[in-house]
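Please look over the sequence and the structure shown below. The briefing after them is arranged by topic.

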Amino acid sequence: MSNQASALLTHSSDDCNILRQQIQTSLQRAETQRNRLKNVERRFGIVNICFGAAATFIAGQSAISDNPLIGNWRATTTVASVITLSSTIIGGVQKQLAAPDLLTEASECVAKLKALKVETISPAYEVEPVSEEYQQILSDFSKVDC
């Protein structure tokens, strides 16, 4: 094999490795963002449910027993309404910090990057089409940190 042919193969192999590494790095970043969004969504969801349940319990138990659960009726309704207000605020913050559409987009991006990574398993894959698809993924999922 001539030196020129060997240099072309090496260059092609380097291109394959560089693109493979870029895809892997993007996949790791997208997975990190997706996992963070899932954790935020889960935590806010749990707190929101607990606050809603506590407010319902306080108001419901007081109504069923016909006695205020906390001191007097004014205190009981105040506590129940403050907890309900907190639950509403947490629900709004949850939608801002862990937007469901962003979580969906991050999950879709991860799936596409994983599929692209599979295409690069072969030691000698076609760099150009994979590179174009990778650029398209980056363009399509611009909101995702990948």
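This is a predicted model: local features need pLDDT of at least 70, side-chain atom pairs count only at pLDDT 80 or more; totals for chains, interfaces and linings use all residues.

Residues are numbered from 1 along each chain as its sequence is written, and side-chain values use heavy atoms, with hydrogens and water left out.

**Confidence**

- The protein chain has a mean pLDDT of 88, and 91% of its residues reach 70 or more; pLDDT is the predictor's confidence in each residue, from 0 to 100.
- Among the elements of the chain, H4 has the highest mean pLDDT (94) and H1 the lowest (84).
- Residues 1-11 have pLDDT below 50, and beyond near neighbours in sequence this stretch has 2 contacts in the model.

**Overall form**

- The order of elements along the sequence is α-α-α-α; helices (H or I, at least four residues) and strands (E, at least two) are DSSP runs, numbered from the N terminus.
- Along the principal axes, the C-alpha trace of the protein chain spans about 95 × 20 × 15 Å.
- Of the contacts in the protein chain with a separation of 6 or more, 77% are between residues 24 or more positions apart; contact means heavy atoms within 4.5 Å.

**Surface and charge**

- Of the 146 residues, 26% count as buried; buried means under 20% relative accessible area, exposed over 50%, and partly exposed in between (1.4 Å probe, protein chains only).
- The accessible surface of the protein chain is about 9300 Å², and carbon and sulfur atoms hold 58% of that area.
- Accessible areas come from the Shrake-Rupley method with a 1.4 Å probe, and for residues only the protein chains shown count as cover.
- There are 13 positive and 15 negative side chains, with the centres of the two sets 12 Å apart.
- Lys and Arg count as positive and Asp and Glu as negative, with His and the chain ends not counted; the place of a charge is NZ of Lys, CZ of Arg, CG of Asp or CD of Glu.

**Buried residues and their contacts**

- Leu113 belongs to helix H3 and is buried, because its relative accessible area is 0%.
- Leaving aside neighbours within four places in sequence, Leu113 is in contact with Ile23, Ser26, Leu27, Ala30, Tyr134, Ile137 and Cys146.
- Leu113 and Ser26 are 87 residues apart along the chain, yet their C-alpha atoms are separated by 7.6 Å.
- Ser26 sits in helix H1 (residues 3-65) and counts as buried at 4% relative accessibility.
- Not counting residues up to four places away in sequence, Ser26 touches Leu113, Tyr134, Leu138 and Cys146.
- Thr120 lies in the loop between helix H3 (100-119) and helix H4 (127-140), and at 1% relative accessibility Thr120 is buried.
- With residues up to four places away in sequence not counted, Thr120 touches Arg20, Ile23, Tyr125 and Val130.

**Exposed and partly exposed residues**

- Thr32, also in helix H1, counts as exposed because its relative accessibility is 53%.
- Cys50 is another residue of helix H1 and is partly exposed, with a relative accessible area of 45%.
- From Cys50 to Ile83 the C-alpha to C-alpha distance is 9.6 Å, at 33 residues apart in sequence.
- Asp66 is in the loop between H1 and helix H2 (73-97) and is exposed at 58% relative accessibility.
- Phi of Asp66 is near 60°, which is a positive value in a residue other than glycine.
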